[in-house]
Amino acid sequence: MTTECRICAGPVEEFLDLGRQPLSDAFRRPDDTRPEFFYRLAVGVCGTCSMVQLVEEVPRERMFHEDYPYVSRGSAVMREHFRGVAERFIAIADDPFVVELGCNDGTMLRTVAEAGVRHLGVEPSGGVADLAAADGVRVRKDFFEEATARDIRAADGPADVIYAANTLCHIPYMGSILRGVDALLAPDGVFVFEDPYLGDIVEKTSFDQIYDEHFFLFSARSVDEMARRHGLELVDVERLAVHGGEVRYWLARPGVRPRTAAVDALLAEEAELASRVVLDGFANRVQKIRADLVALLTDLRERGERVVGYGATAKSATVTNLCGIGPDLVEFICDTTPAKQHRLAPGSGIPVRPPADFADPYPPYALLFAWNHAEEIMAKERAFRDAGGKWITYVPEVRVL
Ligand code: TYD
């Protein structure tokens, strides 16, 4: 199947179909009997600009609204990560104006606000925007697009930094976004964004990074092409360890900043990344993980062993719905996010419970859905291991640890 690229209108060839999937962050109340929304989750690659993207788009209002549950503050590692980013932005110019797209609960901007630096968060999900505002962050409850950008520019002046973490890849209508960036960015400003990196996703076979909200899987090559088409330049890239491997892209207006050697090095590394040979190999490994995980969980159930999920991630929706994992295979999922607790995970109907339930009593096996936070979680849950508990992971392959 071929669709039209959302960046360059080139032909997008599908290479992986992950089936019928629900909204990954729609945690239902147990008494909610309304039918769930489903769409077909499939991913393809543009033959012209190499952008990897979903072939079907979920309307943004279905995903980002008052009840959107994800909060950035749920991980100590991420809080520290965003504090470090904020400090760099604060020091980027005299009296800078820092705008964040999709500021979520204000985890990054809070540091900027506390330093008395001019800032604005743009966040369409009302509940998490309220958390940011309660922490002293200036927030506009809105989707960022060209008109919003012009409005902000008229009211607040040009932005020295426009930043987006785990947000830009969520937005299919990139033309409006980049025209907005052009309208809002100061002549020597930077547009910085970080998202899961296609290179890491392919290398680790982390197929659960593919879900409704992750419309694009960026690479240096596809971002470079995208920037050029919109009068911007990719001037720097940083590889990040967070969220299972991300890249932070720095864009500027042409000629404003020299392009670093890191950009050329990553482009060279990616020579074959968007090829059908590599992407078809990825798709085949996904099917192997699916078969192995189903076999392991079925075997454990037959042996009467309890399995509890750890971290009701958006990513886990892709895994449970692709593999047909329900409460018969995974008893419940523990998660620290209040807005997810005592609800049912999307599609699978697996109950979500507070972390205290994990230890009451410890199950023999825990399926680590939040594998991208493995270090933090395993350190925190040492007592689970000490009690004889075993972790099950499926990235980069199914293993019992
Ligand atoms: P995350 O992997 O950050 O993102 P996504 O939902 O986009 O896949 O989600 C981590 C989830 O795991 C989040 O719901 C919070 C939860 N969590 C815990 O329950 N305990 C922890 O120690 C950590 C770090 C996260």
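## Domain division

The protein chain falls into two domains, domain 1 (72-276) and domain 2 (277-400). The model is predicted. Between the C-alpha centres of domain 1 and domain 2 the distance is 29 Å.

Across the boundary, 21 residues of domain 1 are in contact with 22 residues of domain 2. On the domain 1 side, helix 2 (76-90) and helix 7 (198-204) are the elements that give two or more residues to the face touching domain 2. By class, the residues on this side of domain 1 are eight nonpolar, eight polar and five charged.

## Annotated spans

UniProt, in an unreviewed entry, lists residues 5-64 under "domain: Methyltransferase putative zinc binding". In the model, residues 5-64 are 7% helix and 40% strand. The end C-alpha atoms of this span are 23 Å apart.

## Ligand surroundings

There are 19 residues around the ligand, and S75, G311, T313, A314 and H373 come nearest. The elements giving two or more residues to this shell are helix 11 (314-323) and helix 12 (374-380). Helix 12 gives the most, with three residues.

By class, the shell around the ligand holds six nonpolar, eight polar and five charged residues.

## Helix packing

Two packed helices are described by the angle between their axes and the distance between the axes. Helix 5 (residues 146-156) packs against helix 6 (residues 174-184) at an angle of about 10 degrees, and the axes are 7 Å apart. Helix 5 and helix 6 are therefore roughly parallel to each other. From helix 5, the contact involves E146, T148, A149, R150, I152 and R153. Helix 6 meets them with S176, R179, G180, V181, A183 and L184. The contact of helix 5 with helix 6 has five nonpolar, three polar and four charged residues.

For helix 8 (residues 220-229) and helix 9 (residues 261-269), the axes come within 9 Å and cross at roughly 120 degrees. A220, R221 and D224 of helix 8 form the contact with V263, L266 and L267 of helix 9. Four of the contact residues are nonpolar and two are charged, with no polar residues.

## Backbone geometry

Most residues other than glycine have a negative phi, and most peptide bonds are trans. A9 has a positive phi, near 70 degrees, and is a residue other than glycine. A9 is in the loop between strand 1 (2-4) and strand 2 (11-22).

D360 and P361 are joined by a cis peptide bond, with omega about -10 degrees. P361 sits in the loop between strand 15 (352-353) and strand 16 (365-368). Another cis peptide bond joins V395 and P396, where omega is about 5 degrees. P396 belongs to the loop between strand 17 (390-393) and strand 18 (399-400).

Terms used: Residues are numbered from 1 along each chain as its sequence is written. This is a predicted model: local features need pLDDT of at least 70, side-chain atom pairs count only at pLDDT 80 or more; totals for chains, interfaces and linings use all residues. A residue is near a molecule or strand if its C-beta atom, placed from the backbone, lies within 6 Å of it. Helices (H or I, at least four residues) and strands (E, at least two) are DSSP runs, numbered from the N terminus. Ala, Val, Leu, Ile, Met, Phe, Trp, Tyr, Cys and Pro count as nonpolar, Asp, Glu, Lys and Arg as charged, and the others, Gly among them, as polar. Axes are lines fitted to C-alpha atoms, for helices over the stretch in contact, and angles run from 0 to 180 degrees between N-to-C directions. Two residues are in contact if their C-beta atoms, placed from the backbone, lie within 7 Å. UniProt positions are given in the numbering used here, feature names are shortened, and annotations may be inferred rather than shown by experiment. Domain bounds come from an automatic or database domain assignment. Angles under 35 degrees count as roughly parallel, over 145 as roughly antiparallel, 65 to 115 as roughly perpendicular and the rest as oblique.
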